[in-house]
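Visitor: I am new to this structure and would like to learn how to read it. Could you show me around?

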Amino acid sequence: MKLDEIHKIELDILLDFDRLAKKNGLRYYLSCGTLLGAVRHKGFIPWDDDIDLMMPRPDYEKLIRLEAEQDPQARYQLVSWKNGRSAYPFLKMVDSYTTIKEKYMREDALQSVWIDIFPLDGMPDDDKKIRRTIRRINFYRNLLLLAASDPNKGTTPLMRLIKRILVPICRKMNIGRICDKIDALASAVPFEKAKWIGDYVWNEGMKEKMPKTILQAEDILFEDRYFPAPANRDEYLTRYFGDYMQLPPEDQRIPHDFEVSWNRKVNEGSN
């Protein structure tokens, strides 16, 4: 598929998720590159190929419970390590009519076109404690990435050698238990009592630390539709990207390296 086709599928997933969230009274916000795209391009960043959302931990936990109740025949489905359909420690919503093969992932690690849904967790006031938790979580995250990767593919000969040694070891580990460990570390600070919040489970370091006031919502235009976003998005985007209105150099405008195809005709089923 071409990138504009992938964008259309992802937008349809987002619209379905938005209906689910509104029906169940769940808070969520556009985040990361998706929020940047909304502010700078009124939609997708032209070379980006995914959608990122964030949810306060209490709403995220409700969404996990909804995952267990969903129709297994539905086109748009929530997937996670909890239902054995993902090797990541966060939720995704996917279009089950599609298949993705990522370049550096093992042959049997097929996925569907997705949107990512990350929990916002409470963080302590002490930055040293935050950094310690981030280091521990990222150690487990690296184990997950190695377990799902193709040991015969790498960006350099050294990386291929390292992967051939480590990947077999990591694959013997229980992916679900590693994800549970990350989830437990991330949610250790009670959300309601925390002054600071952020995405621990798939973090970008200390730039994740945000004041809780970021949860004040304001709708923003994204691909001719309105979706919730942090009202103080300038603070959020500046912390993440610096001068976020400045376009990156052309050699950095690179999408994910994957192939997308249909595995089922759309008219074979309904939403």
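This is a predicted model: local features need pLDDT of at least 70, side-chain atom pairs count only at pLDDT 80 or more; totals for chains, interfaces and linings use all residues.

Visitor: How many helices and strands does the secondary structure have?

Guide: There are seven helices and eleven strands. The radius of gyration is 18 Å, close to the 18 Å that the globule rule gives for 271 residues, so the protein is as compact as a globular protein of that length. Along the principal axes, the C-alpha atoms fill a box of roughly 50 × 45 × 45 Å.

Visitor: What percentage of the residues count as buried?

Guide: Of the 271 residues, 50% do.

Visitor: Now for charges, please. How many salt bridges does the structure hold?

Guide: The general idea comes first: side chains of opposite charge can pair when their charged atoms come close. In this structure there are twelve salt bridges. One of them joins Asp18 and Lys22, whose closest N and O atoms are 3.1 Å apart. These two residues are four apart in helix α1, so about one helical turn separates them. Asp18 is buried, at 8% relative accessible area, whereas Lys22 counts as exposed at 61%.

Visitor: Which residue meets Lys209 in a salt bridge?

Guide: That is Asp127, with 2.7 Å from N to O. Lys209 lies in the loop between β7 and β8 and Asp127 in helix α4 (residues 127-148), so the pair ties together parts that are 82 residues apart in sequence. Lys209 is buried at 10% relative accessibility, while Asp127 is partly exposed at 28%. Elsewhere, a network of salt bridges links Arg57, Glu61, Asp121 and Asp183.

Visitor: Which side chain makes a polar contact with the side chain of Glu208?

Guide: Tyr240 does, at 2.6 Å. Leaving aside residues up to four places away in sequence, Glu208 also touches others, including Met123, Ile197 and Trp202.

Methods
Residues are numbered from 1 along each chain as its sequence is written. Side-chain values use heavy atoms; hydrogens and water are left out. A polar contact is a pair of N or O atoms within 3.5 Å; within protein, one must be able to donate a hydrogen and the other to accept it, and residues adjacent in sequence count only if both atoms are side-chain atoms. Contact means heavy atoms within 4.5 Å. The radius of gyration is taken over C-alpha atoms; the globule rule is 2.2 Å times the number of residues to the power 0.38. Buried means under 20% relative accessible area, exposed over 50%, partly exposed in between (1.4 Å probe, protein chains only). A salt bridge is a side-chain nitrogen of Lys or Arg within 4 Å of a carboxyl oxygen of Asp or Glu.
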